[in-house]
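I am opening my notebook on a structure I have not looked at before. I will take the chains in turn and write down what I look up.

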Amino acid sequence: MDITINKQDEKTLVTLNGRIDTSSANQFQQDIAPLMEGDRPDIDIDCSGMTYTSSQGLRIFLMLQKSVIARKGNLVMRNMNPMVKEVFDITGFSNIITIL
Amino acid sequence: MTKKRFNPITDKSSEIIDFLMASPDMPFDEALRFKLRLSIEEAVENVVCYAYEGGIGWLEVGTSLDHDSLILTIELRDAGVPFNPLEAPDPDVSLPANERKVGGLGIFLCKKMMDSINYQYVDGNNVLTMTKRV
């Protein structure tokens, strides 16, 4: 899993590439640590390169969303591939995170 | 039947998942492989993380394909603490984010992605069998 985080003024643009699975989840959690800081974050994640996530990825996205809500911020995930989107749909994550 | 026993299994999740995904019984279709990989990962992680205290123990995994019905069977067998993962209640997927618990989604995803999932405790072993028409 490769991740780029780009802070532009008020917005934080994130790009994900690869798989979030048992071998990459711990590193991914460390890599997104900068997103867990700051007031009223406005985070926009481009998921077009994310080819897979297991429940370990979902766990991290839920932690991120809880943290964003607690800081009165906004989190958007976009361009999700249909198979990854299905995982978000089945688990109800499509209702707790804005997916565009 | 493609079969292999891994021992010990500490930190071996990726190797075990890759072994199963490389089985000649596996389909080529990308969407099917996605669902199978996800189910396998969740089931394997369950054993690797929780079956053995201290993580020392074995896990035997295998696949078989019925060429008439095209039903793929994936079996996991371990000698860890007796544990039926199907007994855990499904998570409430309708709750808002702040009420959602972190975790508990793995076996739920297996149930949703596979056609059937079955647990038995046989001869001191946990045996989890998952099937999917491919």
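**Entry 1: overall size of chain A.** I note that this is a predicted model. I looked up the radius of gyration of chain A and got 12 Å. A compact globule of 100 residues would come near 13 Å, so the value for chain A agrees with that. I then took the extent of the C-alpha trace of chain A along its principal axes. The spans are about 30 × 25 × 20 Å.

Entry 2: What share of the 100 residues of chain A counts as buried? I find 38%. For this I count a residue as buried if 20 or more other C-beta atoms lie within 10 Å of its own. Next I looked at contacts in chain A with a separation of 6 or more. Of these, 71% join residues 24 or more positions apart.

**Entry 3: elements of chain A.** I listed four helices and five strands in chain A. Along the sequence I read them as β-β-α-β-α-β-α-α-β.

**Entry 4: where chain A touches chain B.** I counted 19 residues from chain A and 20 residues from chain B in the contact. Which elements of chain A give two or more residues to this side? They are helix H2 (55-70) and helix H3 (82-90) of chain A. H2(A) supplies the largest share, with eight residues. I also sorted the chain A side by residue type. I got nine nonpolar, seven polar and three charged residues.

**Entry 5: the sheet of chain B.** I moved on to chain B. Here five strands form an open sheet, in the order E1-E2-E3-E5-E4. The pairing is antiparallel. Which strands of chain B are at the edges? Strand E1 (2-6) and strand E4 (116-122) of chain B are, since each pairs on one side only. From one strand to the next, I find a twist that averages 15 degrees.

**Entry 6: one strand pair.** I picked E1(B) and strand E2 (residues 59-66) of chain B. They pair in the antiparallel sense over five bridges. I checked one residue here: B:Lys3 has B:Gly62 in E2(B) as its bridge partner.

**Entry 7: helices on the sheet.** Helix H1 (residues 13-21) of chain B packs on the sheet and touches E1, E2 and strand E3 (71-78) of chain B. I read about 15 degrees between the direction of H1(B) and that of E2(B). Helix H2 (residues 30-50) of chain B also packs on the sheet. H2(B) touches E2, E3 and strand E5 (125-133) of chain B. Its direction makes about 10 degrees with that of E3(B).

How values were computed: Residues numbered from 1 in each chain as written. Chains lettered and ligands numbered in written order. Predicted model: local features only at pLDDT ≥ 70, side-chain atom pairs only at ≥ 80, totals over all residues. Rg over C-alpha atoms; globule rule 2.2 N^0.38 Å. Buried ≥ 20, exposed ≤ 12 C-beta atoms within 10 Å, placed from the backbone. Contact = placed C-beta atoms within 7 Å. Nonpolar A, V, L, I, M, F, W, Y, C, P; charged D, E, K, R; others polar. Pairing = 2+ DSSP bridges. Axes fitted to C-alpha atoms, helices over the stretch in contact; angles between N-to-C directions.
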